[in-house]
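Hi,

Here is the structure I promised to pass on. Have a look around first, then read my notes below.

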Amino acid sequence: MPDAVWSAIFLVILVAINLVSVKLYGELEYWFAMIKILIVIVFIIIAICIAAGGLGGQVLGFKYWRDPGAFVDGGVGLVSVLLTAGFSFQGTEIVGITAGEAQNPTKTVPRAIRNTFWRIVFFYIVTIFLLGLCLPSDNPDLANTDDSAATASFTLVFELAGIEVASHVINAVTLTSVLSAGNSGIYTCSRTLLGLAHDGNAPAFFSTTNRFGAPYWAVLFSSSVGFACVFASIYSASAAFNWFLSITAVTGFISWWGIAVIHMRFRRAYKHQGRDLKDLPYKTFLFPIPSLFACVLCILIILGQGYTAFTPHFDGVLFATNYIGIVPAVVAYVAYKLIRRTRVVSLDDIDFDTGRVTQAEIVAEDEHEKNLPWYKKALNIIA
């Protein structure tokens with residue numbers, strides 16, 4: 001069957017999952033994540049063995065850092081891949097959105113935020129570092145200039161180790177990873193619409209929920225974008241992917257910039273109203289340095305990632321592809337301000353009490369956690 005048909009089938013399944021209880025979403029994400037974690041751990045062990053000469057028949061070490069070099073095209077080349085790299089990292093902010101449906105957010109959310117940081121370091125940074133040791137950047141199997149599917153970098157590393165079944169294993173893991181990304185994407189978008197509708201910033205019907213507590217109109221609307229991608233891929237999968245990659249990656253960086261700015265205003269307003277920072281369940285390490293760094297870096301990436309459209313001569317299509325994601329954010333913000341005639345909320349008027357977990361609930365959560373069996377406490381630390 002055509003790829004678009006398989007995509008549509010899986011998308012229907014993901015929509016059905018998001019139309020029932022959030023417990024099903026969480027359970028599936030747990031097992032999807034478990035599969036990814038296991039394959040990454042296996043990959044890290046094998047990649048270290050290959051780089052050290054235990055597998056593959058030669059000691060690689062930092063050979064490919066010297067030839068063809070660790071940073072292709074220097075600083076300019078580094079900037080050119082930041083958008084794609086950022087797209088791969090985006091989604092980590094979902095931990096904040098899930099707080100609204102967490103059973104004990106004062107405990108689970110801070111724990112999840114801390115674990116997310118270390119998982120990024122371990123599962124992203126370490127993996128990328130080892131890929132750079134095992135594979136040269138000019139490996140022809142990494143490219144897809146003939147418009148065919150490129151070979152996954154994980155597969156190439158497993159093949160270096162002599163594991164012939166690697167391609168099938170990686171294809172299966174990639175499929176589960178894509179399903180996980182689609183599942184969390186629909187969840188995130190629908191819950192964002194639900195929050196906007198509750199605040200009066202989106203049509204009220206998006207806040208309507210079914211008997212499972214799922215915002216079904218928001219889920220259906222969110223999934224319509226996915227179906228649009230499926231239909232667009234029928235005409236040109238590679239072109240559709242590049243356009244949607246640019247739109248989602250740029251808007252993702254805009255969202256990160258917004259999170260950083262809002263976080264700085266949150267802390268500023270919290271102190272301005274005379275509140276004690278010790279009452280916050282989670283406090284960012286070295287604040288405000290991380291938020292300032294994220295804010296500046298996101299702006300630089302958003303503006304600088306499309307430099308290839310200007311050299312060696314201006315390319316209008318490439319310019320539109322690289323910067324089209326800025327348009328929806330600007331239009332939505334300006335339209336909202338013009339239609340609703342709102343102003344930026346002053347520090348005195350920022351609401352810290354609506355929907356906040358009470359001290360009694362925190363005490364109840366602490367008691368519940370103390371009474372857990374030892375193995376569940378250990379699992380909470382690990383997970």
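Let's start with one serine. Leaving aside residues up to four places away in sequence, S180 touches E29, F32 and K36. S180 sits in helix α9, which covers residues 166–198. Is S180 buried or exposed? S180 has a relative accessible area of 3%, so it counts as buried. Keep in mind as you click around that this is a predicted model.

Next, the nonpolar cores. The largest one has 23 residues, and F43, I50, V157 and F158 have the most contacts inside it. Which elements give two or more residues to this core? They are α2 (22–52), α7 (105–134), α8 (153–160) and α9. The largest share comes from α2, with eight residues. As background, nonpolar side chains in soluble globular proteins tend to be buried together.

Now for a pair of helices. Helix α5 (residues 82–89) packs against helix α11 (residues 237–272) at an angle of about 70°, and their axes are 9 Å apart. That angle makes α5 roughly perpendicular to α11. Which residues meet there? From α5 you'll find L82, L83, T84, G86, F87 and F89, and they meet L245, S246, T248, A249, V250, F253 and W256 in α11. Sorted by type, the residues of this contact are nine nonpolar and four polar, with no charged ones.

Last, the cysteines. A disulfide is a covalent bond between the sulfur atoms of two cysteines. How many disulfides does the model have? The count is zero. To see why, look at C295: its closest cysteine sulfur is in C298, 7.4 Å away, which is too far for a bond. The cut-off used here is 2.5 Å between the two sulfurs.

Methods: Residues numbered from 1 in each chain as written. Predicted model: local features only at pLDDT ≥ 70, side-chain atom pairs only at ≥ 80, totals over all residues. Heavy atoms only, no water. Axes fitted to C-alpha atoms, helices over the stretch in contact; angles between N-to-C directions. Helix = DSSP H or I, 4+ residues; strand = E, 2+ residues; numbered from the N terminus. Parallel < 35°, antiparallel > 145°, perpendicular 65-115°, else oblique. Contact = heavy atoms within 4.5 Å. Nonpolar A, V, L, I, M, F, W, Y, C, P; charged D, E, K, R; others polar. Buried < 20%, exposed > 50% of the residue type's maximum accessible area, 1.4 Å probe, protein only. Core = buried A, V, L, I, M, F, W, Y, C linked by side-chain atoms within 4.5 Å.
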